[in-house]
Amino acid sequence: KFKFNPFDLTKVWSQKEYPLIPVGKMVLDRNPKNYFAEVEQIAFCPIHMPPGIEASPDKMLQGRLYSYSDTHRHRLGTNYHHIPVNAPLCATKNYQRDGPMCTNDNQAGAPNYFPNSFAGPEDDLKHANHPQNFSGDVKRYRT
């Protein structure tokens, strides 16, 4: 039990009770060479989390998990994740391809269906979300 709802945006967490914990350092060591390609087309999204980290039930975060991707699709096109500044550093295989603004080789001639006999990507269940158990009614409330 806590004295207030930790997900209430109108409350301020005291740094005396809860000091900040440094979790890393971001180094900005150069200016972009092509401002449009490296800054204007970047798409940050809170839904891209490392395996094992899941979203909290915070209402603002839940709204952002949905709306950021939708905004990127509107602003940058369906294949915004193929734009070099948003693409992963290592090659990935998936069944998300084609469409407007495709910026890469489109996974060459790989089949676009599952299951297939060409060693396509398969689900890895170790990255599945943790099941959430609730007791009582789960409803949407206007607050």
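Colleague: What percentage of the residues in the chain is buried?

Modeller: The structure under discussion is a predicted model. A residue counts as buried when its relative accessible area is under 20%. Of the 143 residues in the chain, the buried ones make up 13%.

Colleague: How many helices and how many strands does the secondary structure of the chain contain?

Modeller: Helix H1 covers 35-40, and helix H2 covers 59-76. The secondary structure comes to zero strands and two helices.

Colleague: What share of the accessible surface of the chain belongs to carbon and sulfur atoms?

Modeller: The accessible surface of the chain comes to about 12,900 Å². Carbon and sulfur atoms account for a share of 57%.

Colleague: Which residues make the nonpolar surface patch of about 280 Å²?

Modeller: A residue must have over 30% relative accessible area to belong to a patch. Phe-2, in the segment before helix H1, is partly exposed at 34%. Trp-13 has a relative accessible area of 39%, and Tyr-18 has one of 35%. The patch is made by Phe-2, Trp-13 and Tyr-18.

Colleague: Is Phe-4 buried or exposed?

Modeller: The relative accessibility of Phe-4 is 16%. The limit for burial is under 20%, so Phe-4 counts as buried.

Colleague: What is the geometry of the aromatic pair formed by Phe-4 and Trp-13?

Modeller: A search of the whole structure finds two aromatic pairs. In the pair of Phe-4 and Trp-13, the ring centres are 6.0 Å apart and the planes stand at 85°. Planes over 60 degrees apart meet the criterion, so this pair is edge-to-face.

Colleague: Why is the pair of Trp-13 and Tyr-18 classed as it is, and what is that class?

Modeller: The ring centres of Trp-13 and Tyr-18 lie 5.0 Å apart, with the planes at 65°. Because that angle is over 60 degrees, the pair is edge-to-face.

Colleague: Which residues form one aromatic cluster?

Modeller: Trp-13 pairs with Phe-4, and Trp-13 also pairs with Tyr-18. The cluster consists of Phe-4, Trp-13 and Tyr-18.

Colleague: Which residues are in contact with Gln-41, leaving aside its neighbours within four places in sequence?

Modeller: Gln-41 lies in the loop between H1 and H2. With a relative accessible area of 15%, Gln-41 is buried. Its contacts, sequence neighbours within four places left aside, are Phe-36, Leu-76, Ile-83, Val-85 and Asn-86.

Colleague: Among contacts in the chain with a separation of 6 or more, what percentage joins residues 24 or more positions apart?

Modeller: The count takes in contacts with a separation of 6 or more. Residues 24 or more positions apart account for 40%.

Technical notes: Residues numbered from 1 in each chain as written. Predicted model: local features only at pLDDT ≥ 70, side-chain atom pairs only at ≥ 80, totals over all residues. Heavy atoms only, no water. Patch = residues over 30% accessible without salt bridge, like charges linked within 9 Å, V, L, I, M, F, W, Y side chains within 5 Å. Areas by Shrake-Rupley, 256 points an atom, 1.4 Å probe, with all protein chains shown as cover. Salt bridge = Lys/Arg side-chain N within 4 Å of Asp/Glu carboxyl O. Helix = DSSP H or I, 4+ residues; strand = E, 2+ residues; numbered from the N terminus. Buried < 20%, exposed > 50% of the residue type's maximum accessible area, 1.4 Å probe, protein only. Phe/Tyr/Trp six-rings, centres within 6.5 Å; stacked < 30°, edge-to-face > 60°. Contact = heavy atoms within 4.5 Å.
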